[in-house]
Amino acid sequence: MSHHGAALMPPAFMPSEYGPAPRPHVAGLPTMTSVPVRELFPSFDAPITEGDPADVDRVRAATRSALVSVDMSKIGPDDSVNVLASEHGFGLMGGLPYAEMVKTIREVVIERTGCRDVRLRLAIYRGFKEADEVRDHFGFAEAFEGKVKGLGPFDRGVEVATAIGPMWLVNRAFDADHFIHAYYDDPREMYFNRLLYKSFKSFCMSYARFETRSVYHSLFGNRSGSIIPRALFDSDFVQSKYTFSSVLRTSPAGVIGIDATDDLYAIDRRITAGHLATYGRMQRLFAEIDDCVAVWDGGRWGYYLHAGGVIFGVLLTNHHDSFDLDVPVVAGFMQVPGAAVNFSRNKALRGIVVNQAWVGAGIPYVTMPFTSPMYIVGDEQARLWREDPTNPLLMDRATVVDSVESGIAQATTRGKTDKVIVFDGSYGHITCNEAMAEHLCARAPEVDRVVGDELLPRWLRQRGLA
Amino acid sequence: MAVVRFVAELNPEPCTGCKLCDLVCPSGAISMVARRAVVEPSSCIGCGRCVDRCPEDIMWMTERAEPLVCTVHPDEVDRDAVAALLAKAGIDPSVSVCVCTLTPASEIAAAVVKGAATLDEVSAMTGMRSGCGIYCVAPALRILEASGADMSPPRGHRWYPCTVSLWDVSDDARARYADAFIDEDRAAFDPLGQYGPLVHVRTTR
């Protein structure tokens with residue numbers, strides 16, 4: 001019998017043509033429970049929201065408060081301004097908190113500057129219809145008086161001279177007199193960005209052409225790659241249009257506030273220090289999982305679905321300390337000399353059950369089903385995966401099951417584990433079964449001590465933040 | 001090697017000739033004939049990007065009767081030439097350039113040695129870019145650049161010449177971003193010290 005009670009429901013997510021028709025959540029199963037992350041780590045601050053739609057007024061108030069001290073003098077009443085928003089923000093806690101911050105930025109800019117030409121630019125990854133879905137779901141057309149456009153890596157580029165050479169951004173992101181970096185601090189692939197200047201990453205990803213993204217991923221290491229977004233941000237072109245940044249701040253507990261200023265380097269230092277203390281603890285806790293089955297159960301790519309604010313990709317790679325900068329290459333970084341491919345194999349991950357998630361659509365899980373058996377619920381999802389060119393081999397190995405209960409039963413039996421963790425988009429708590437809840441609660445105190453006493457001081461020192 | 005199971009098809013009647021499908025096709029499989037899109041099945045690597053991009057929703061993917069196998073076997077070309085090309089580009093032969101098809105750098109270089117002169121041709125020959133279509137591009141462009149291929153961007157915005165690598169960072173940039181682990185990563189990724197900067201002929205507009 002669970003000592004945590006019935007599981008909490010995750011935030012509602014945006015329906016999309018890139019995923020299957022919504023299914024009932026795994027959290028509704030009687031075997032599931034929820035472990036509050038602040039029970040695991042009491043040092044985490046209380047959030048202002050875990051994504052409940054009733055909390056949007058708090059996000060609005062926090063945004064207004066943060067923007068009070070921001071210098072907006074560069075923006076004149078007759079100027080044009082692009083608010084640059086990026087897609088992953090709409091995957092955080094259902095996306096409402098980030099959407100509310102974005103809408104509030106527009107309101108405050110108009111109030112403070114008299115500028116009426118404030119446009120929203122929605123940066124998406126691969127799905128060309130995704131920006132329209134986001135626009136409609138979050139009511140951006142109304143909020144921005146129709147001045148909303150999507151942009152992606154395949155759109156027309158603009159060449160930018162940087163300290164490391166010419167690179168290419170997406171023209172539409174910068175087709176106004178000024179822009180505002182409307183960001184969120186989800187660390188996502190900690191094994192890739194390693195929390196090295198993560199706040200700048202949009203400048204070589206969301207706002208960049210695919211060639212620039214490829215340079216970042218494939219022609220640098222994942223430490224040295226941190227030079228690319230900074231070189232772009234510091235370029236004369238970007239600086240000539242940059243006004244300020246507004247960042248939705250998170251911890252595994254939920255949204256903890258808004259940080260806004262024109263000094264992105266200062267924001268980054270605050271975010272990095274906070275993340276190492278909070279997400280660092282969660283990452284190390286996930287590393288204490290010796291065996292488990294993971295369930296994907298949300299409205300984004302499975303790789304980017306959260307459990308307790310941490311994406312599945314981190315569980316896949318957590319057998320290395322991603323934050324130790326003395327280690328050149330950690331699990332998950334792809335381009336490693338001598339290794340045909342460095343996709344991670346976490347031996348603790350005994351199986352993956354896909355209740356609902358977007359198919360690959362640009363996110364490769366090429367080798368994962370060869371090392372962690374995958375169970376796809378329902379023929380509709382199986383068909384989507386079969387037709388996914390990003391993962392052409394996946395369905396050769398995956399098993400189609402008729403229910404999530406059947407998938408979990410098969411995965412746990414074959415994987416010889418009794419622990420189940422669910423990536424359903426939750427912040428503030430982890431949806432899991434009782435065996436996993438007991439395991440996490442038992443291991444958390446020692447993780448808390450090791451991170452606080454040993455790892456965190458090293459991580460901070462390596463980044464000049466001690 | 002890529003095993004391509006699907007091919008793009010379309011209903012040409014409502015096609016408006018907007019060329020958006022053509023612009024996102026990674027392998028040059030789409031051309032415009034009489035202001036309507038035409039797909040060449042033997043060049044289509046099944047990425048599906050045109051289907052997603054089409055604003056008229058008149059394209060779809062259909063399963064091929066027989067899969068199309070895209071590969072360049074190392075035995076088809078001079079292995080020493082492949083090795084020399086990759087050394088000049090500063091790319092280890094074993095790394096997976098395309099992480100969706102697991103196509104190694106050696107196969108991309110082999111395609112170039114075999115005669116591929118453009119990114120489209122490399123994609124059509126190897127099947128790279130049939131998945132995410134993004135992360136493989138810079139290494140492939142750099143290999144082409146190292147071969148002396150024309151790096152002038154094609155009309156439209158199919159691709160741009162962007163191939164800066166770890167080996168190209170200048171001393172000034174390295175000093176400006178002293179905490180970017182440039183020297184440390186060079187040592188980690190090239191312990192034998194065999195790679196260096198590629199001499200670029202690029203313009204900045």
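Reader: Where does A:His88 lie in chain A?

Author: Before answering, a word on how to read the names and values: residues are numbered from 1 along each chain as its sequence is written, while chains are lettered from A and ligands numbered from 1 in the order in which they are written. This is a predicted model, in which local features need pLDDT of at least 70 and side-chain atom pairs count only at pLDDT 80 or more, whereas totals for chains, interfaces and linings use all residues. Helices (H or I, at least four residues) and strands (E, at least two) are DSSP runs, numbered from the N terminus. With that in hand, A:His88 is found in the loop between strand S2 (80–86) and helix H3 (96–113) of chain A.

Reader: Is A:His88 buried or exposed, and why?

Author: The idea is to count neighbours: a residue is buried if 20 or more other C-beta atoms lie within 10 Å of its own, exposed if 12 or fewer, and partly exposed in between, with C-beta atoms placed from the backbone. A:His88 counts as buried because it has 23 C-beta neighbours inside 10 Å.

Reader: Which residues does A:His88 touch, not counting residues up to four places away in sequence?

Author: Two residues are in contact if their C-beta atoms, placed from the backbone, lie within 7 Å. Leaving out residues up to four places away in sequence, A:His88 touches A:Tyr184, A:Asp186, A:Arg188 and A:Tyr304.

Reader: How should I read a sheet, and what is the order of the 6 strands in the open sheet of chain A?

Author: Strands of a sheet pair through backbone hydrogen bonds, either parallel or antiparallel. Here two strands are said to pair if DSSP finds at least two bridges between them. In chain A the open sheet of 6 strands has the order S4-S3-S2-S7-S8-S9, with mixed pairing. Strand S4 (148–151) and strand S9 (254–261) of chain A are the edge strands, each pairing on one side only. From one strand to the next, the twist averages 20°, where axes are lines fitted to C-alpha atoms, for helices over the stretch in contact, and angles run from 0 to 180 degrees between N-to-C directions. Helix H2 (residues 56–67) of chain A packs on this sheet, where it touches S8 and S9 of chain A, and its direction makes about 25° with that of S9(A).

Reader: Which strands of chain A run parallel, and which antiparallel?

Author: S2(A) and S3(A) run parallel and are joined by 7 bridges, with A:Ser80 standing opposite A:Asp117 in S3(A). Strand S8 (residues 242–251) of chain A and S9(A) run antiparallel, again with 7 bridges, and there A:Ser251 stands opposite A:Gly254 in S9(A). Strand S3 (residues 117–123) of chain A is mostly covered, since 6 of its 7 residues are buried.

Reader: What are the domains of chain A?

Author: Domain bounds come from an automatic or database domain assignment. Chain A is divided into domain 1 (26–44 + 290–444) and domain 2 (53–276), and their centres, taken over C-alpha atoms, are separated by 28 Å. In the contact between them, 29 residues of domain 1 of chain A meet 25 residues of domain 2 of chain A.

Reader: How many residues of chain A are in contact with chain B?

Author: Here 51 residues of chain A are in contact with 52 residues of chain B. H7(A) gives the most to the side of chain A that touches chain B, with 8 residues.
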